[in-house]
Amino acid sequence: MSRLLVYGRKQLRGETPIQGAKNSVLPILAATILTGDTVALQHCPHLRDVDISVQILRALGCDAHWEMDTLVVDTAGLKGWKISDILMREMRSSAIFLGAMIARCHQAELSYPGGCELGPRPIDLHLAGLRALGTDIDDSGGTLHCQTCGLLGRELVLSLPSVGATENLMLAACGAEGCTTITNAAREPEIVDLQDFLNACGAEVRGAGSSTVTIIGGKRLHGCTYTVMPDRIVAATYLCAAAAATGEIFLRNAKEEHLTTVTALLREAGCEIKNDTAGIACCCHRRLQAVGPIRTAAYPGFPTDAQAVLMAALLRCQGTNVFEENIFSNRYRHVDELVRMGADIRVSGRVAVVHGVEQLQGACVCCTDLRGGAALCVAALAAEGKSCIDQLRHLDRGYEDICRDLSALGADIKRVAS
Ligand code: EPZ
């Protein structure tokens, strides 16, 4: 076990490259099943969730190995179609493998993905879409038994723009005869990255990034070499770190067009943010001002994954901020830990009211979930004295090495055995 030790109130100064995107590489790893060939994923982040996906692929009979920051996956030898309960419990988002396995193997079996720290994580939209494409799904007894005699493309309408459902149905539709359109699709940049990967493998997918995605199925896909997009939430985290601690940082290969709702609020709070093709520069040299209500929403709205880290950046601002978490039912678990540092936050249902305080004090705190843990790191950089942060397994799911990156930006942070 290890913990982070952070000494706060030190201005940041430095630059760091931004890792590949967790929420892009996970569906892309599932999509490799469709190729039955070798895929080289460059800029692939070394994360716990990627490791679990590799375990799943290997358990299904595929090969996978690392070459520096390139993950090479060969799915020619795929022979299984079952994902073990143990691996499902390790990573509930493994449900993303369903669509590709049904498209390739005409069957799939996995235990129902449970909820997570953020609350219930239903997959009813995934299952409804797979059934509409011609999959028989028996979901009694906690295990999903899926099989098909062949998938047939058709129009699918999502009742809400679910990221995972959009991705799962894009993958299944690649294996369906004819054309599939997904209406009210999620519009996240990671969906565009998945489309670009599929098309690099010979698929014909159009419209990702808009509310209607069209897939012409039945094509024989092949392997490719693909570079994963930079992680926009990791970039948001480090921008919030600079806002919290003040200083001047540069995030190499970060793309502001993926983060405009976050950078707009940071500018409103008083940060100077500039971007060019090389990355994003952020400069902050004074106490932040409160901003208008922060309401999380599906892309291009304010990302729910950046809610916790922005809250942490605004804890010492002048004035009061109001957050409204509209995507997940239990995404304020970091609040109690932030209050231990002296934050003034009141939560009522989906709303959190954050009154700016003059000072935060370093404290011993525990990560409650992935982005809540990142928020503790951001807050610790703004706090007087020493903070220690435990339960780092949550952070390791989505940050390749937050200690390395924040150190490169000038933070006094160490990872030590606990
Ligand atoms: C993806 O989760 C991301 N995970 C999440 O990032 C992110 O917070 C979320 O999208 C929203 O942007 C990955 O990409 C691996 P959804 P996903 O389906 O696909 C409800 C992180 O921190 N819903 O868009 O599970 C659901 O309950 C993680 O990196 C249904 O009701 O999100 C939620 O309220 C956390 N039925 C809302 O939709 C369904 O069938 C959005 O979920 C599916 C979803």
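In what order do the strands of the open sheet of 4 strands come, and what kind of pairing do they have?

Author: This is a predicted model, in which local features need pLDDT of at least 70 and side-chain atom pairs count only at pLDDT 80 or more, while totals for chains, interfaces and linings use all residues. Residues are numbered from 1 along each chain as its sequence is written, and side-chain values use heavy atoms, with hydrogens and water left out.

The 4 strands of the open sheet follow the order E4-E5-E3-E14, and their pairing is mixed (strands pair if DSSP finds at least two bridges between them; helices, H or I of at least four residues, and strands, E of at least two, are DSSP runs numbered from the N terminus). Because strand E4 (63-67) and strand E14 (225-227) each have a single partner strand, they stand at the edges, and one side of each is left without a neighbour in the sheet. On average, and with direction ignored, neighbouring strands of this sheet are turned by 20° against each other (axes are lines fitted to C-alpha atoms, for helices over the stretch in contact, and angles run from 0 to 180 degrees between N-to-C directions).

Helix H1 (residues 22-31) lies across strand E3 (38-42), E5 and E14, and runs at about 175° to E3. Helix H7 (residues 189-200) lies across E3 and E14, running at about 165° to E14.

From H5 the contact (heavy atoms within 4.5 Å) is made by Leu125, His126, Gly129 and Leu130, and from H6 by Gly164, Ala165, Asn168, Leu169 and Ala172.

Leu125, His126, Leu127, Gly129 and Leu130 of H5 are buried (under 20% relative accessible area, with exposed over 50% and partly exposed in between, for a 1.4 Å probe and protein chains only). The buried residues of H5 pack against H6 and also against helix H4 (97-105), strand E8 (136-138), strand E9 (143-147) and strand E10 (155-157). Just after H5, Gly134 takes a positive phi of about 110°.
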